[in-house]
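Subject: Structure handover, with notes on disulfides and a pocket

Hello,

Here is the structure I said I would pass on. Please open it and keep it beside these notes as you read.

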Amino acid sequence: MAFQTLLLCKVSLFLLLSLFAVGQGQSKLYKGFTKFSQVQDHKQGALFEEQWFTQKLDHFNGADSRVWKQRYFVNDAFYKSGGPVFLMIGGEGPANPAWMQNGTWLTYAEKLGALCLLLEHRFYGKSHPTADLSTENLRFLSSRQALADLAHFRTVTAEAQGLTNRKWVAFGGSYPGSLAAWFRLKYPHLVHASVATSAPVHATVNFPEYLEVVWRSLASENAECPVLVKKASDVLVERLKDPKTYDNITKDFNLCSKLQIQTEMDSAYFLETLAGSFMDVVQYNEDNRGFEGVTGTNITIKVLCGVMSDSSLGDPYARYVAVARLMMDTFSTKCLDASFSNYIRDMTNTSWDGPAAGGGRQWVYQTCSEFGFYQSTDSPNQPFSGFPLAYQVKQCADFYNISAEQVAEAVVQTNENYGGYDIRSSRIVFPNGSIDPWHALGITQDVAPDLPAVFIKGTAHCANMYPARSQDLTQLSLARDHIYVLLQQWLKQ
């Protein structure tokens, strides 16, 4: 093979970046699915050199001849002549070469003799199509352009490397899981099959179901746990109505500056920031992300509910404070920045060196211009309050001058384009975990015999993509095996 041996892939990203990653040089909680990788100088990266592909800036305007360099990685260690090509799709953060050494897809590749490629998503990581992240330039950031990137990369690479007649299989988790499904949907002549893990295929402006699943996932550990979280959250909401409590709240949560609540946006941001630790832990509960260099995988639902149930710490509010302190200690965060004005400042910085350029500014733009996905407190069946849909949508106007009406129309267009839950294609498997809040927007029941769902009880976001280990639930091991059998069958077709 002319490819140099390299390696690969990073799973999705959506609860993009836990707020407690501030100590890792990132800023704040960005809405999304998966976290940004908190360690970006990966030791594994030295083993697999990054390569660059000349990509079109605008695939839908033939008169625009501008190009840019897109980063990708290769692992040909398992490739056997005539074998398939596995294409891992990058997501809303830097492509992590740790995935070129680890992950279930490599197990499949070894058994099936596959060549493995990872393509970083435009506007994330080192793949910079434009000079900056101005709103004018972000118009080139979309799932449609990303799919066209994949199509062009697949076409040119196949021709250059003699892989035109090989069967290509797309892999992705979270948002890249959606892209894997949509790549097969939109370019069936280029991709033979797809594994679309934890893929939210249905766009929606308001996504209160996310926090409903958080409630159920906490309750699966201890029925009282989400009740205690709600009591604590309600107490905090009441205290925020009285400025006399602000000094104590500032001390309780070790805020970087004295709490100032001048608008509903200020209080919503603070409440969402604290809720984010529970959301993040539930989403990634007991997964095997440690190989990526991620911190905090030892903090699980069991740990959080243990703190919330510990009466020796005081009332539920005091236990809520203890959870926040635990998370800060885990991520070596000196203080918690709960300032919405600082968040606006960071999110409107359009430089590639800006504090939100790791993916926050880009991903929130995609939610405003395509997906919605706003994890609001608008449902009564969840433990938090104080960050309603209006707060989420107003950020689209603040950051990108996108109105609420435009967000709603964009979501309609996305579902028109891809079909939402009613996707019509073939040879796509949809694995989801019952603990993962994102399964509410995914395919959890078979659509057709060749559009099967794999619903894995007790597992979280993208769990089937991570390397296997002895303590994995039996259902998770069986799910991985089932996906492999499907790939075997489909590659024979």
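The model is predicted, so local features need pLDDT of at least 70 and side-chain atom pairs count only at pLDDT 80 or more, while totals for chains, interfaces and linings use all residues. Residues are numbered from 1 along each chain as its sequence is written, and side-chain values use heavy atoms, with hydrogens and water left out.

Disulfides

A disulfide here is a pair of cysteine sulfur atoms within 2.5 Å. The structure holds three of them. If the bonded cysteines are numbered in sequence order, they pair as 1-3, 2-4, 5-6.

Cys 225 is bonded to Cys 305, with 2.1 Å between the sulfur atoms. This disulfide is left-handed, because the torsion about its S-S bond is about -90°. Cys 225 belongs to helix α6 (residues 225-239) and Cys 305 to helix α9, so the bond ties together parts that are 80 residues apart in sequence. Both cysteines are buried (buried means under 20% relative accessible area, exposed over 50%, and partly exposed in between, with a 1.4 Å probe and protein chains only).

Cys 256 and Cys 335 form a disulfide with their sulfur atoms 2.0 Å apart. Their link is right-handed, with 100° about the S-S bond. Cys 256 sits in the loop between α7 (246-252) and α8 (264-283), and Cys 335 in the loop between α10 (316-330) and α11 (340-347), so the pair links distant parts of the chain, 79 residues apart. Are these two cysteines buried or partly exposed? Cys 256 is partly exposed, at 40% relative accessible area, and Cys 335 is partly exposed too, at 24%.

Cys 368 is joined to Cys 396, S to S 2.0 Å. The torsion about this S-S bond is about -85°, so the disulfide is left-handed. Helix α12 (residues 360-371) holds Cys 368 and helix α13 (residues 389-400) holds Cys 396, so the pair ties together parts that are 28 residues apart in sequence. Cys 368 counts as buried at 1% relative accessibility, and Cys 396 counts as buried at 0%.

Two other cysteines

Cys 116 is buried, with a relative accessible area of 0%. Cys 462 is buried as well, with a relative accessible area of 1%.

The second largest pocket

A pocket is found on a 1 Å grid over the protein atoms alone: it is an open set of points with protein on both sides within 12 Å along at least five of seven lines, and its lining residues have an atom within 4 Å of a point. The space in the second largest pocket is about 350 Å³.

Which residues lie nearest the centre of this pocket? They are Asn 285, Glu 286, Gly 458, Thr 459 and Leu 473, out of 22 lining residues. At least two lining residues come from each of α5 (209-221), α9 (301-308) and α15 (474-492). The largest share, three residues, comes from α5. Domain 1 (51-202 + 420-492) and domain 2 (205-413) each supply at least three residues of the lining; the domain bounds come from an automatic or database domain assignment.

Regards

Methods. On a 1 Å grid over the protein atoms alone, a cavity is a set of points where a 1.4 Å probe fits but cannot get out, and a pocket is an open set with protein on both sides within 12 Å along at least five of seven lines; lining residues have an atom within 4 Å of a point. Grid points are joined across faces, edges and corners, and a volume is the space filled by probe spheres set on the points. Helices (H or I, at least four residues) and strands (E, at least two) are DSSP runs, numbered from the N terminus.
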